[in-house]
Amino acid sequence: MSTGTTKLDVVVSDVVPVNELVTRFHFRRRDGELLPTFSGGAHVVVEMRDGDRTRLNPYSLMGSPLDTREYTISVRRDDVGRGGSLFMHRQVEPGLDMVISYPVNLFSLDLRARKHLMLAGGIGITPFMAQTAQLAGAGGNFELHYTCRTASLGTYADVLQQRYGNRVRLYHDDREERIDLERLLSSQPLGTHLYVCGPAGMINWVRDRAAALGWPPETVHFEHFAAPQPGAPFDVTLAVSGKTIRVGSQQSLLEAIEAAGVDPPYLCRGGVCGQCETNVISCDGKFIHNDHWLSEEDHRSGCKIMPCVSRFEGKSLVLER
Amino acid sequence: MAAKTIISRPVYGTLSPQPGKHHLFIADAEGALAITDMAGKAPAGFFDGAEIVFVPGREGKHVAALEALQPVQLHVAPSFASLLPRLKQTLTNAHMGLRLYLAGTEGLIGQAMQAALEAGIDHTSMQTEHRGSLARRMQCVHCKGITENVTTQPALCAHCGLLLLVRDHYSRRLAAFQGVCINAEDRSEIPPMEEAFP
């Protein structure tokens with residue numbers, strides 16, 4: 001059993017379309033018991049059994065951590081991705097039995113903070129749904145700045161404004177509304193922590209500006225699950241288990257290793273947690289690193305790879321697995 | 001240089017210029033030299049956004065060297081206690097982006113850090129550099145009184161008079177090392193007192 005991957009047998013209790021791209025899924029335990037406690041920012045890995053193919057995708061829990069009768073996730077449909085979100089949108093219906101992992105939190109609130117400043121972009125709003133519910137329940141001090149493309153794609157913007165009033169500020173791309181980031185980051189009281197979840201470009205922009213404006217790195221939190229990118233098929237030798245496998249174009253290296261019956265550790269499957277870090281024994285070719293875990297030095301060295309999101313192009317690759 | 005013995009014993013680094021627009025330095029005595037050494041590595045215009053609060057101490061040196069850095073403000077104070085109200089006010093009004101640099105004796109670093117922790121700055125976010133005396137601020141675990149500038153091992157509690165073993169066990173919250181009675185079993189047993197923290 002991999003670290004942190006204890007499984008929960010659940011049933012889909014509801015499927016709710018939220019807007020043209022996003023659908024919400026509710027899960028309850030099949031045995032009727034309460035689900036495990038979680039904290040705002042946690043995610044679960046959902047197993048999608050699609051014919052002979054199993055996908056494992058991480059999704060942030062967006063319900064209140066104060067209510068563990070059910071878990072809720074919101075899935076944005078990605079028509080050009082590897083098919084996980086399309087499977088959820090097209091094939092998952094109320095009453096379906098599914099398997100999800102225990103919750104894992106790689107984006108938790110630092111409760112020592114005097115104030116929590118949250119920046120969300122698009123579907124990156126989901127972890128903040130749980131975090132704001134957690135903080136509001138404890139009288140916490142927070143402010144949420146949410147950028148979305150249009151009002152109709154501002155997933156849960158209405159709910160958030162209704163719940164928290166002017167603690168939520170919306171920015172619509174189609175109305176040319178932009179966060180005045182410089183001013184926002186320069187006017188926060190000491191002891192504020194910054195949380196950002198959204199597209200990679202937004203995360204990088206916010207992290208860069210915060211660093212330049214003197215925010216210490218330990219006060220800046222971010223989460224970006226990189227979806228595994230498709231690519232050319234490649235062959236890999238697993239030295240420890242003595243197997244040679246082929247990674248399909250729509251498959252991640254981690255999925256191919258698992259399909260061969262090897263059970264490496266993993267948690268996030270999105271290149272952020274570091275659990276699946278794997279040593280490279282030898283290689284002849286180039287790596288396509290897509291993770292946020294390894295340092296630039298690690299990437300250049302060619303000695304390590306994160307098989308959940310990264311790929312390889314070349315003649316041969318031998319991993320210590 | 002303080003060596004790491006147990007996990008709570010603070011260790012200090014070397015001041016280095018951090019990104020940001022506002023820089024607050026708090027230093028005493030030879031701590032001024034940590035600031036002037038760092039100034040050599042600082043980008044042009046760095047001290048245009050810097051404020052220095054300095055306690056020269058008995059020898060009264062280094063004020064001119066700090067003036068030469070041309071900070072926005074240089075505040076010279078006779079003691080840490082005298083600068084504390086002003087420091088608290090500065091921290092209360094400060095915003096994220098303020099970077100804190102503490103240099104000098106352990107007592108000064110510890111007490112300035114204590115005020116900054118109360119203002120919400122994480123201790124890992126502060127730059128520190130130890131210079132000068134190794135004298136310790138000590139809390140007697142028995143009467144809770146704090147004795148400043150302890151240089152001996154064991155040391156007398158200035159409040160209750162017990163003879164205390166000065167431990168490396170440090171409290172960031174109290175900004176003090178812990179002193180524990182060294183002869184609780186037999187008060188007549190008086191171990192020799194040595195100059196341990198010159």
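Helices (H or I, at least four residues) and strands (E, at least two) are DSSP runs, numbered from the N terminus. This is a predicted model, in which local features need pLDDT of at least 70, side-chain atom pairs count only at pLDDT 80 or more, and totals for chains, interfaces and linings use all residues. Residues are numbered from 1 along each chain as its sequence is written, while chains are lettered from A and ligands numbered from 1 in the order in which they are written.

**View 1. Chain A as a whole.** Let's start with chain A, which has 7 helices and 17 strands. Its radius of gyration, taken over C-alpha atoms, is 20 Å, close to the 20 Å that the globule rule (2.2 Å times the number of residues to the power 0.38) gives for 321 residues, so chain A is as compact as a globular protein of that length. The C-alpha trace spans about 60 × 50 × 35 Å along its principal axes. Of the 321 residues, 43% are buried (20 or more other C-beta atoms within 10 Å of the residue's own, with C-beta atoms placed from the backbone; 12 or fewer is exposed, and in between is partly exposed).

**View 2. An open sheet in chain A.** Here 5 strands of chain A line up in the order β10-β9-β8-β11-β12, with parallel pairing. Strands count as paired if DSSP finds at least two bridges between them. At the edges stand β10 (168-172) and β12 (220-223) of chain A, each with a single partner strand, so one side of each has no neighbour in the sheet. From one strand to the next, the twist averages 15°. (Axes are lines fitted to C-alpha atoms, for helices over the stretch in contact, and angles run from 0 to 180 degrees between N-to-C directions.)

View 3. Strands β8 (residues 115-121) and β9 (residues 142-148) of chain A run parallel and are joined by 6 bridges. For A:Gly121, the bridge partner in β9(A) is A:Thr147. Helix α3 (residues 157-164) of chain A lies across β9 and β10 of chain A, and runs at about 150° to β10(A).

**View 4. Where chain B meets chain A.** In this view, 18 residues of chain B are in contact with 17 residues of chain A (contact is when the C-beta atoms of two residues, placed from the backbone, lie within 7 Å). The chain B side divides into 7 nonpolar, 8 polar and 3 charged residues. Ala, Val, Leu, Ile, Met, Phe, Trp, Tyr, Cys and Pro count as nonpolar, Asp, Glu, Lys and Arg as charged, and the others, Gly among them, as polar.

**View 5. Around B:Cys157.** This residue lies in the loop between β9 (155-156) and β10 (163-171) of chain B. B:Cys157 is buried, with 23 other C-beta atoms within 10 Å. Not counting residues up to four places away in sequence, the residues it touches include B:Cys140, B:Cys143 and B:Leu164. Back in the loop between β8 (152-153) and β9 of chain B sits B:Pro154, joined to B:Gln153 by a cis peptide bond with omega of about -10°.

**View 6. Two loop residues with positive phi.** Most residues other than glycine have a negative phi, and most peptide bonds are trans. B:Ala29 has a positive phi of about 40°, and is found in the loop between β1 (22-28) and α1 (31-39) of chain B. B:His62, in the loop between β2 (50-55) and α2 (63-67) of chain B, has a phi near 80°. B:Ala29 is buried, with 22 other C-beta atoms within 10 Å, and B:His62 is buried with 20.
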